[in-house]
Amino acid sequence: MAERILLVEDEEKLARMVEMELRYEGYQVEKAPDGRSGLDLVLGGGFDLVLLDIMLPQLSGMEVLRRLRRESQVPVIMLTARDSVVDKVAGLDSGADDYITKPFAIEELLARIRAALRSKGGSVSQELPLSAGPLVLDVERHQVTVRGRNVELTKKEFDLLRCLLENKGRVLSREVLLDAVWGFDFVGETNSVDVYIRFLRSKLDDAFGLKLIHTVRGVGYVIKEE
Ligand code: CA
């Protein structure tokens, strides 16, 4: 799937040029001409990367970044017109992943985009929350809710649930789950999976009166909507 990039830039000509180049490279691009609409768009989710101008109408790029970082760790590359050390330091302090000074060569921008997407952990676009019925798992926020209520999970429980949700409706064997969650070098018993499935059932199905996690005897486990 093509990676989605949000470009927040008020200079129309520059925005159009960058958009064209990014599309040519196979990215999906959306544009916002000011800080406020940019912030709204990115908080709506589904973007793999944000290109954020600093000098913007309504909300400055720095303010957009500060508000964004309370909610999201989506990679952000700041576009700065001024080759000012202060801007760069402030941007990186506020949680920008990188910055580029205008005017820039498009090849340099593309290289920085690729680097930021790589360090984020590959090209898999997985910002959309995963769900089964009233259960929602938000990968970006590392948060699980049932009917809007927060459920505290350990890292292994979270990873196991994520794996089940990414394969909703498909039966996964203990071996597959073990590889996906514990890794190939795991030394131990496949019944670790059973133990963690029990933890998940108690925190999700039992706690909320649901029946989402099913055992398929002799095969493994599957998560299904009721
Ligand atoms: Ca500007």
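Q: Taking helices as DSSP runs of H or I with at least four residues, and strands as DSSP runs of E with at least two, both numbered from the N terminus, where does Gln 58 lie?

A: Gln 58 lies in the loop that runs between strand 3 and helix 3. This is a predicted model in which local features need pLDDT of at least 70 and side-chain atom pairs count only at pLDDT 80 or more, while totals for chains, interfaces and linings use all residues. Residues are numbered from 1 along each chain as its sequence is written, and side-chain values use heavy atoms, with hydrogens and water left out.

Q: And what is phi of Gln 58 near?

A: Phi of Gln 58 is near 75°, which is a positive value in a residue other than glycine. Most residues other than glycine have a negative phi.

Q: Is Gln 58 buried or exposed?

A: Gln 58 counts as exposed, at 60% relative accessibility, where buried means under 20% relative accessible area, exposed means over 50% and partly exposed is in between, with a 1.4 Å probe and protein chains only.

Q: What about His 142, where is its place?

A: His 142 is placed in the loop between strand 7 (135-138) and strand 8 (143-146), and although His 142 is not a glycine, its phi is positive at about 50°. With a relative accessibility of 47%, His 142 counts as partly exposed.

Q: Changing topic, which residues coordinate the calcium ion?

A: The calcium ion is coordinated by Asp 10 (OD), Asp 53 (OD) and Met 55 (O), at 2.1 to 2.3 Å. Donors here are N, O and S atoms within 2.8 Å of the metal (3.2 Å for Na, K and Ca), and because water is not among the atoms, sites may look incomplete.

Q: What spacing do the donors of the calcium ion follow along the chain?

A: Along the chain, the donors of the calcium ion follow D-x42-D-x1-M. Asp 10 sits in the loop between strand 1 (4-8) and helix 1 (12-24), and Asp 53 in strand 3 (residues 49-53), so the pair ties together parts that are 43 residues apart in sequence. Asp 10 is partly exposed, with a relative accessible area of 35%, whereas Asp 53 counts as buried at 2% relative accessibility.

Q: Which peptide bond is cis, with omega near -5°?

A: The cis peptide bond runs from Lys 102 to Pro 103, with omega near -5°, and most peptide bonds are trans. Pro 103 is found in the loop between strand 5 (98-101) and helix 5 (106-119).

Q: How many residues apart in sequence are Leu 14 and Pro 103?

A: Leu 14 and Pro 103 are 89 residues apart in sequence, with a C-alpha to C-alpha distance of 9.5 Å in space. Leu 14 belongs to helix 1 and counts as buried at 18% relative accessibility. If neighbours within four places in sequence are left aside, Leu 14 is in contact with Glu 9, Lys 102 and Phe 104, contact meaning heavy atoms within 4.5 Å.

Q: At roughly what angle do the axes of helix 1 and helix 5 cross?

A: The axes of helix 1 and helix 5 cross at roughly 60° and come within 11 Å, where axes are lines fitted to C-alpha atoms, for helices over the stretch in contact, and angles run from 0 to 180 degrees between N-to-C directions. Helix 1 and helix 5 are therefore oblique to each other, since angles under 35 degrees count as roughly parallel, over 145 as roughly antiparallel, 65 to 115 as roughly perpendicular and the rest as oblique. Met 17, Val 18, Glu 21 and Leu 22 of helix 1 make the contact with Ile 106, Leu 109, Leu 110 and Ile 113 of helix 5.

Q: And how do the axes of helix 6 and helix 7 cross?

A: The axes of helix 6 (residues 155-166) and helix 7 (residues 174-182) come within 9 Å and cross at roughly 125°, and these helices are therefore oblique to each other. The contact involves Lys 156, Asp 159, Leu 160, Cys 163 and Leu 164 of helix 6, together with Leu 177, Ala 180, Val 181 and Trp 182 of helix 7.

Q: Which residues of helix 7 are buried?

A: In helix 7 the buried residues are Leu 177, Leu 178, Val 181 and Trp 182. Seen down the axis of helix 7, they fall within an arc of 100°, so they line one face of the helix, the arc being that of the directions from the helix axis to the C-beta atoms.
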